[in-house]
Amino acid sequence: MATKKYPLGIAFSGGGAKGAAHCGALQALKEYGIQPDIVSGTSVGALVAVFYSSGLTPKQMIETFQGLNFFKDIVSPSLPKGGLFDSDPLLALIQNLLPYKRIEDLPIPTYIVASDMEHGMSKVFTKGEIAPRVVASCSIPVIFQPMCINGTHYFDGGTFQNLPVSAIRQKCDKVIAFNLNHLEAEKHKNNIVSVAYRAFMMMMVSNVAADAAQADLFIDLDTYGCMAHDLSRIEELFFRGYESTVKALEENGYQRVMPKEDIRFPKKRKKNAANNPEEIFRNTLEKGLSAIRALGKGNTAKKSL
C-alpha cells in the first residue's frame, strides 16, 4: 500500500465559542507527542487550525479570546442584507493577530472549509488570504452576512461539512477528528435568530456522521451545556476538551511523552447583568429586528406616496 503525502492530519469541527475545547485537545496532543502534518477546519475549527499553523500555543489561543465580547469583538449588528450581523470585527481581529496573510504561507498545510452559495457546494480553500476565508467558513446563514471572495459568496462550511475529514482524508495515512457539537434538548424560542440557529445546528450535527466514519480516531469533546456565542466559559471548555482527549488517547493506546503541564489562566472578572451572554443576545437581536421593522415601515410609506 502506497504511503500518502502526510502521516497525520487533524480535522477540527465548527461550534462557535465551544472551539475553546479544541485548544484543550491540542494541549493533550502536545503532551502525548502527537503533531499533525496537515490540518483542516470548519467555522471556529478553521480559526483554531490557522492559529495552530501560525505557531500559537493552545494557552496563547485561549488568552487571545479572554475578555472578548462576542457581539462587540467578533460580530456587529448590520442592516439586514443577507444577515443580521456582519463579521467585520472578526476579519480585523484575524488580520491583526496572525503573522501570516496567506494560507499557502502557513508552516503547516491548512485547509479551510466554507460553503459556496452560488454553486451549492462545499469549498475547500488551500490558498489565498487567510482572514476572509476563515470568516467565510464562520458565517452562519441568516445570522451573518455571507463573505464575498472573488465574486462568489460563501457562508459557514458546516452547512455541508462541519467535520472536515474528507477534505484531507486522501492525503493522510491517519486522521484524528475533533467534534464540538451535540444536539441537546432545548426549549423553543420564538424569534428568527434562535429558529435559524437551531435549524442550522440540526443540519451540522446530521452531516458529521459521514466524516466521522472516515476518521481513524474520532473524539467527541465534552461541550455539553455550553452555547456557541458564550465566551464566558472558554477556560472551562479548554480543560473539558483536554480531559476528553486524554481519555480517548489513553483508551486507544497512546502514551504520554511529557508530564501534564500546569496551565493556569488569569482570574475572570465577576459577571454582571450587562455581560450576560443571553441578555446581550436578546438585546442585539431586538436591535436587528427593530431595523427590519423600520425598513418595512419605510417601504410601506413609499408605496403610499
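## Helix 2 meets helix 6

In this predicted model, Val44, Ala46, Leu47 and Val50 of helix 2 are in contact (heavy atoms within 4.5 Å) with Ile130, Val134, Ser137 and Cys138 of helix 6. Seven of the residues in this contact are nonpolar, one is polar and none is charged; here Ala, Val, Leu, Ile, Met, Phe, Trp, Tyr, Cys and Pro count as nonpolar, Asp, Glu, Lys and Arg as charged, and the others, Gly among them, as polar.

The axes of helix 2 (residues 44-54) and helix 6 (residues 130-138) come within 7 Å and cross at roughly 150°. That makes the two helices roughly antiparallel, a term for angles over 145 degrees, on a scale from 0 to 180 degrees between N-to-C directions, with axes fitted to C-alpha atoms over the stretch in contact. Helices (H or I, at least four residues) and strands (E, at least two) are DSSP runs, numbered from the N terminus.

Now to strand 5 (residues 110-116): seven of its seven residues are buried, so the strand is largely enclosed by the rest of the structure. Buried means under 20% relative accessible area (1.4 Å probe, protein chains only).

Strand 2 (residues 38-42) runs parallel to strand 5, joined by four bridges; pairing takes at least two DSSP bridges. Thr42 stands opposite Val113. Strand 6 (residues 121-125) runs antiparallel to strand 5, with five bridges, and strand 9 (residues 152-156) is also antiparallel to strand 5, over three bridges. Asp116 stands opposite Met121 in strand 6 and has Tyr154 as its bridge partner in strand 9.

## Reading the model

Residues are numbered from 1 along each chain as its sequence is written. Local features need pLDDT of at least 70, side-chain atom pairs count only at pLDDT 80 or more, and totals for chains, interfaces and linings use all residues, while side-chain values use heavy atoms, leaving out hydrogens and water.

Terms used
Parallel < 35°, antiparallel > 145°, perpendicular 65-115°, else oblique. Buried < 20%, exposed > 50% of the residue type's maximum accessible area, 1.4 Å probe, protein only.
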